[in-house]
Amino acid sequence: MKTSFELNGKNVSVDTPEDATLLWTLRERLKLTGTKFGCGIAACGACTVHLDGTAVRSCSMPMAAVAGKQVTTIEGLSENNDHPLQVAFQDEQVPQCGYCQSGQIMQAATLLTSNSSPSREEIVSHMNGNLCRCGTYNRIIKAITKAAEEGQS
Amino acid sequence: MMKNKQRGMSRRQFLATTGGATFFIGGYCLLPGCTTDSGAEAKEVLKKEVNVWVKLASDNQVIIYTPAAEMGQGSMTSVPLILAEEMDADWSKVKILSSPVEAETYGVGWYPGGNKNMTTAGSRTIRSYYQLMRETGAQIRASLLQNAAEKWQVSVEELTTKPGFVIHEASDSSMSFGEIAEFGNFESLPDMAGVKLKDPKDFKLVGKVLPRYDIPSKTNGSATYGMDVHLPGMLYGFISRSPVHGAKPELTNEEEIKNMDGVVSIVTLDHGVGVVCQSVEAGLKAKRQMKINWGESLMQSHNSEEDMNAYTTDGASETKHEGDVAGALKNVAKVHEAIFTNKYVYHAQMEPLNAVVSVAADKQSAEVWIGSQAPDGAKSAVAQTLGIDENKITVNQLFLGGGFGRRTLPGYAAECAALAKSVDKPVKLIWKREDDVSYGAFRPQVKHFFKAGLDKDGKIISWDHTAVGPGGGLSNGGASVAHYDIPNVRFMRKDVDHGIRTKHWRAVGHGPHKYAVETFIDQLARANNKDPYLYRLEMMQSNERVRKVLERAAEMSNWDPTPKDGRAMGIAFADRDSFSCGVAEISLNRDTGVIRVHKYWCAVDAGVIVQPDNAVAQVEGAVNMGISSTLKEQIDVKDGKVVQSNFHDYPILRMSEAPESIEVALIDSDESPEGIGEAGLPAVGGAIASAFAALTGKHLYDMPFTPDKVLAVLNS
C-alpha cells in the first residue's frame with residue numbers, strides 16, 4: 001500500500017503493508033527514530049506526533065489515515081533544536097532517560113499553539129496522557145510555563 | 001549533526017537517518033553522545049590516547065570514555081566530570097563516549113577482591129568510580145605538566161594549569177592540552193604516589209550546577225537508544241514467551257507461520273518461540289498467529305494474593321540478632337504487633353526491552369547494540385548463546401530508555417542472539433509492552449511480621465521483624481533499624497519459591513522494607529501519643545549525621561503533626577546507603593478513596609554531591625516513582641500468569657497525580673559520595689502511610705494504597 005503525505009515539510013511517499021501504523025513507518029521505514037514506541041495502545045504518549053497540527057498517538061494511527069495530511073515529528077519541530085519548548089526543556093534540565101521526552105515536547109507544542117499562557121491546570125490537563133517513568137513531571141510543567149512566558153515576551 | 005559521510009561502511013558502522021538525510025555513523029560514534037557531534041572529524045585532527053579513559057585531540061577536544069550505562073541517572077555526565085575536574089580539562093571541550101564493554105579495563109569490583117564488572121545498578125556508579133576518576137584525572141594532569149616542562153625546559157614545579165592549559169607564570173606562557181597532545185608522551189603516567197589530588201574547595205566542576213551532557217540530544221529526537229538502531233538488511237524479531245514462567249513451548253502451527261508473508265525464520269527457545277521477519281508488521285502478525293502448547297511449570301500453582309495470605313513465620317531463619325529480643329520482651333511495659341504486606345511491582349521503564357545482534361557469516365563472531373545496565377553480562381550471554389568466546393563479541397552500549405534494575409538481566413541480548421544466529425542478517429528484537437509486563441521480573445511481594453516491646457514511656461526496647469516472600473537476597477536490603485537506638489533487634493527471613501521471576505527494582509529491598517519498618521515505627525509513636533518526627537529523633541541520639549537529615553526535613557516542611565483543613569503531614573526515614581527523610585502532605589477523598597500527595601519534602605545526605613541539580617532531579621524523580629509504587633502499582637499473579645499487560649491495567653503515576661511541589665535539600669557534606677538515584681524513593685511509602693494515619697487515625701497495611709483498599713480501611 002502506497003501512502004503519500006507531507007512529513008516535516010517535505011512530500012514523501014511510502015510503501016507499507018496494509019496494517020502498518022504511522023509509528024513503525026516513521027521509525028523503521030523513514031528512519032525517524034525520535035518518535036518512540038512505548039505501549040502500542042495509545043496509553044503512554046511516547047509516540048506523539050502532529051497530524052495536521054493536532055497531537056496524535058502514531059502507534060494507533062493507520063497509514064490510511066495519514067494520506068494527504070501533514071505530519072510533524074520531533075525532528076521537524078525546529079531547525080536547530082531551538083523551538084521555545086526545546087530550549088526550555090534544556091534550560092530546566094527536564095529529560096532523564098529521555099525516552100518519553102519527544103512525545104512530551106510534541107504534546108506540549110500543540111498546547112502552546114492554542115493557548116499562549118496556559119495555567120498550571122491547563123498544562124496538566126493537556127499533558128496528562130503522556131507518561132514519564134523517571135518522574136520529570138514537575139520540571140515539564142516548569143519548562144512549558146517558561147516556554148509560554150518566553151513566547152509572550 | 002555529524003556529516004562524516006566518508007570512510008566506507010563496515011560492520012562497526014550503522015545507518016542512522018535524521019530529518020530525511022542519511023548519515024553513516026562510524027566507529028566510536030556509535031555511542032551515546034555521538035549524535036551531538038559537531039563534525040570535528042571532518043578535518044584532520046590528531047587524537048592521542050593518553051590512557052584507556054582519555055584521548056586528547058590537537059584541536060583541544062578531550063574525549064573521555066564513560067563506563068556507566070546512561071539510563072536517566074546522569075552518570076554519563078558525572079563520571080567524566082570527576083576526571084575532568086582533576087585533569088583541569090576545559091569542560092566545554094569535553095566529548096563523552098561510552099567506553100568499550102571490557103570489564104577488566106573499565107569495570108570495578110563492588111567489594112575488595114570482587115570481580116570487576118560494568119553493572120550500573122544500586123546507585124553505585126559515583127561511589128565506585130569517584131576515587132578512580134579523581135586519581136586518573138590527576139595522573140593525566142601530572143603527565144601534561146611533565147610533558148610541558150620538558151618542552152619548555154623548565155621544572156615541573158614552576159608550572160600550573162588552568163582549564164585546558166598548562167601555564168608557566170614566570171614567562172607568561174601557556175600551552176593548550178591540544179598542543180601538548182601533538183608532541184606529548186603518555187606511555188607511562190606518573191605514579192599516584194607523587195600526584196596530589198585537588199583540595200575539594202578548589203573544585204570548579206564537581207559540586208557546581210552544570211547542564212547534563214546528554215540533555216540536548218534528548219530534546220530533538222537524536223539521542224540513540226537500542227530501539228533506534230538500524231543496520232542494512234536488518235530483520236525484526238518477536239517472541240511469544242511462556243505466560244507461566246518455566247513452561248516449555250510447543251508450536252503447533254509451524255507450517256502456517258512459516259508460510260506467512262515476511263516470515264524468514266522460526267526459532268524455538270526454552271521459554272518461547274521466536275519469529276524473524278522482514279518487517280515489524282509481519283513480526284507482530286506472526287507473533288499473534290502462533291499457536292503454542294505450553295508445558296507444566298512450578299509457577300502454575302502460584303496465586304499471588306492467596307499465597308501471600310498463607311505466608312507464616314514458620315521456618316524463618318535469623319539474619320541478624322543484636323542483644324536478646326526474647327529476653328527483653330519479658331521486661332517491657334507494652335508489646336505491639338503488626339503485619340504489613342507489599343505487592344509485586346513492575347519496572348515499567350518507558351523503552352520496552354530490545355536489542356540488535358549481527359552474527360558473522362561464519363557464526364564465529366558477533367556484534368551487539370543494546371542499552372544494558374550490565375553490558376558485560378550481555379556480552380557473556382551472547383557468547384554463550386552462540387557458543388563462541390566472549391572476545392569474539394563486540395557490544396555497543398546505547399542510551400537506555402529507563403532501567404530501574406530491569407536492564408541488568410542479559411536475557412534479551414541472548415534471545416536476540418538466538419534469533420540472529422538463525423538468519424544471515426542482523427536482527428532487531430523488539431519486546432512489545434505486553435511482553436515487557438507479562439514476562440517482567442518483579443520487585444518481590446513481601447509479608448512483614450513485626451513485634452516490638454516498649455518501655456512505659458513508649459521507647460522501643462525490643463524489635464523483631466520477620467520478612468516472608470520470594471526473591472531471596474533481593475528482599476534483604478532495608479530490613480534494618482540500624483540508625484535508631486534500639487538495644488535488642490532481630491531480623492528473620494523466610495524465602496518462598498513460587499517459580500516467579502524477581503529482580504532489583506529501584507532501591508531494591510528498601511522500597512518494601514522502609515515502608516513496613518517506618519510505618520510500624522509511626523504506629524508505635526501514635527500509639528504512645530508521640531509526634532512521629534520527635535519520636536524518631538529521640539531514637540537517633542547516637543547518630544548526628546542521620547539526625548541532621550531528619551531535622552532538615554522537618555525544618556523545610558515546617559513539620560506539623562496536626563492535620564489542618566483536610567490535609568495532614570507524614571514523615572519517614574530511609575537509609576539506602578545515602579540517608580533521606582521524606583515528608584508528605586496529603587489529602588484524601590473519602591468518597592473515592594483516592595489519596596492525593598500535594599507536597600513532598602525530602603532531605604538527603606548522599607555525601608559529596610557531584611552534580612547538584614541532577615541530584616535534585618534524581619530525588620524528584622524517585623519521589624514521583626515512589627508515589628506511583630505506593631499508591632498505584634500492583635502486579636497480580638493468577639494460576640501462574642501475570643494478570644496485568646499494559647499501562648491501561650498497570651497504571652503508573654500521571655502528571656495530575658504528581659505533587660504540586662517536591663522540595664529537595666541536599667545536606668552539605670564532605671563524606672565520600674553515596675548513591676543518589678534511589679535515595680529519595682524508600683521513604684515515600686512510610687511518609688504517605690504516616691500522613692494517612694494522622695489524617696484518619698487508621699493505618700494502611702497493604703501497599704499499594706489503591707482506592708479500593710483505602711475505602712476498605714476507612715470503613716473498617
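In the predicted model, 16 residues of domain 1 of chain A are in contact with 12 residues of domain 2 of chain A. Domain 1 covers residues 2–76 of chain A, and domain 2 covers residues 84–152. Taken over C-alpha atoms, the centres of these two domains are separated by 21 Å.

The area buried between domain 1 and domain 2 of chain A amounts to about 1,200 Å². Carbon and sulfur atoms give 56% of this buried area. Polar contacts also link the two domains: seven residue pairs are counted between them, with both residues of each pair at pLDDT 80 or more. No salt bridges are found by the rule across this interface, the count being zero.

Empty space inside the structure was examined next. Rolling a probe the size of a water molecule over the atoms shows where empty space is left. The structure holds nine cavities of 30 Å³ or more. The second largest cavity contains about 60 Å³ of space.

The lining of the second largest cavity includes residues of chain B, among them B:Pro67 and B:Ala68, as well as B:Val108 and B:Trp110. By class, six residues of the lining are nonpolar, five are polar and one is charged.

How values were computed. Residues numbered from 1 in each chain as written. Chains lettered and ligands numbered in written order. Predicted model: local features only at pLDDT ≥ 70, side-chain atom pairs only at ≥ 80, totals over all residues. Heavy atoms only, no water. 1 Å grid on protein atoms, 1.4 Å probe; cavity = no way out; pocket = protein on both sides within 12 Å on 5 of 7 lines; lining within 4 Å. Points joined across faces, edges and corners; volume = space filled by probe spheres on them. Nonpolar A, V, L, I, M, F, W, Y, C, P; charged D, E, K, R; others polar. Domains from an automatic or database assignment. Contact = heavy atoms within 4.5 Å. Buried area = accessible area lost by both parts, 1.4 Å probe. Salt bridge = Lys/Arg side-chain N within 4 Å of Asp/Glu carboxyl O. Polar contact = N/O pair within 3.5 Å; in protein donor to acceptor, adjacent residues only side chain to side chain.
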